[in-house]
Amino acid sequence: MLADLDVPYTDTGAHMLSFALGLAPQDALAVLPVERGGLRIELRLLGASHQVLAGPVSETVACLEGRGALPGRVRRALPSWSYEFAAEVVAHEGDGAFARAVEGLRARLSGRDDALTGTFPGSPYAVTALAVEPEQGGVAWRTWHAYPQTEEVVMTRSRLVST
């Protein structure tokens with residue numbers, strides 16, 4: 001699903017992102033419910049990035065006051081589940097590399113019923129995207145946060161596997 005969002009985004013670079021588990025559902029600009037293997041997943045676009053609700057997990061990557069920098073890796077054991085999160089920031093500098101990366105991402109996710117892509121006003125490359133992926137024994141999802149001002153793309157991958 002493609003959502004043209006009618007509000008400016010509040011995060012303007014990778015350095016502004018934080019990570020939180022367990023937050024209540026945040027106000028969302030767009031929501032895509034997906035079901036995989038009997039598990040309901042909600043992909044949520046926020047004005048300050050994303051939130052995913054999946055089974056026992058509420059994952060939020062956004063501008064979160066007082067939360068510190070985005071971690072590279074998080075692992076948690078939950079009752080009956082194992083959760084993993086990984087984040088990476090990729091800088092695309094010069095020769096249109098950033099534009100090509102965002103256009104390629106949008107093309108890969110276009111038409112998928114398990115992907116949500118939001119474009120913020122001001123640039124066709126101001127994009128936040130989320131997609132569910134197959135995962136043996138659970139569910140996985142990936143997210144991308146594209147920042148035209150810094151030509152960075154923040155990529156995350158999360159896994160929730162029953163134990």
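How many aromatic pairs does the count come to? The count comes to two. Rings of Phe, Tyr and Trp (its six-membered ring) pair if their centres lie within 6.5 Å; planes under 30 degrees apart count as stacked, over 60 as edge-to-face and the rest as tilted.

The model is predicted: local features need pLDDT of at least 70, side-chain atom pairs count only at pLDDT 80 or more, and totals for chains, interfaces and linings use all residues. Residues are numbered from 1 along each chain as its sequence is written, and side-chain values use heavy atoms, with hydrogens and water left out.

**View 1. The tilted pair of Phe 19 and Phe 85.** The ring centres of Phe 19 and Phe 85 are 4.4 Å apart. Their planes meet at 35°, so the pair is tilted. Phe 19 sits in strand E2 (residues 18–21) and Phe 85 in strand E8 (residues 81–91), so the contact ties together parts 66 residues apart in sequence. Strands (E, at least two residues) and helices (H or I, at least four) are DSSP runs, numbered from the N terminus. Phe 19 has 11% relative accessibility and counts as buried. Phe 85 is buried too, at 1%. Buried means under 20% relative accessible area, exposed over 50%, partly exposed in between (1.4 Å probe, protein chains only).

**View 2. The edge-to-face pair of Phe 98 and Tyr 125.** Centre to centre, the rings of Phe 98 and Tyr 125 are 6.3 Å apart, with 75° between the planes. Phe 98 belongs to helix H1 (residues 97–109). Tyr 125 lies in the loop between strand E9 (115–119) and strand E10 (127–135). The pair therefore ties together parts 27 residues apart in sequence. Phe 98 is buried, with a relative accessible area of 4%. Tyr 125 is partly exposed, at 23%.

**View 3. The hairpin of E3 and E4.** Strand E3 (residues 30–36) and E4 run antiparallel and pair over seven bridges. Two strands pair if DSSP finds at least two bridges between them. Pro 33 faces Glu 42 of E4 across the pairing. Two residues lie between the strands, and Gly 37 in this hairpin takes a positive phi near 55°.

**View 4. Strand E4 and its pairing with E5.** E4 (residues 39–46) is mostly covered, with seven of its eight residues buried. Six bridges join E4 to strand E5 (residues 49–54), in the antiparallel sense. Leu 45 stands opposite His 50 in E5. The hairpin from E4 to E5 passes through two residues.
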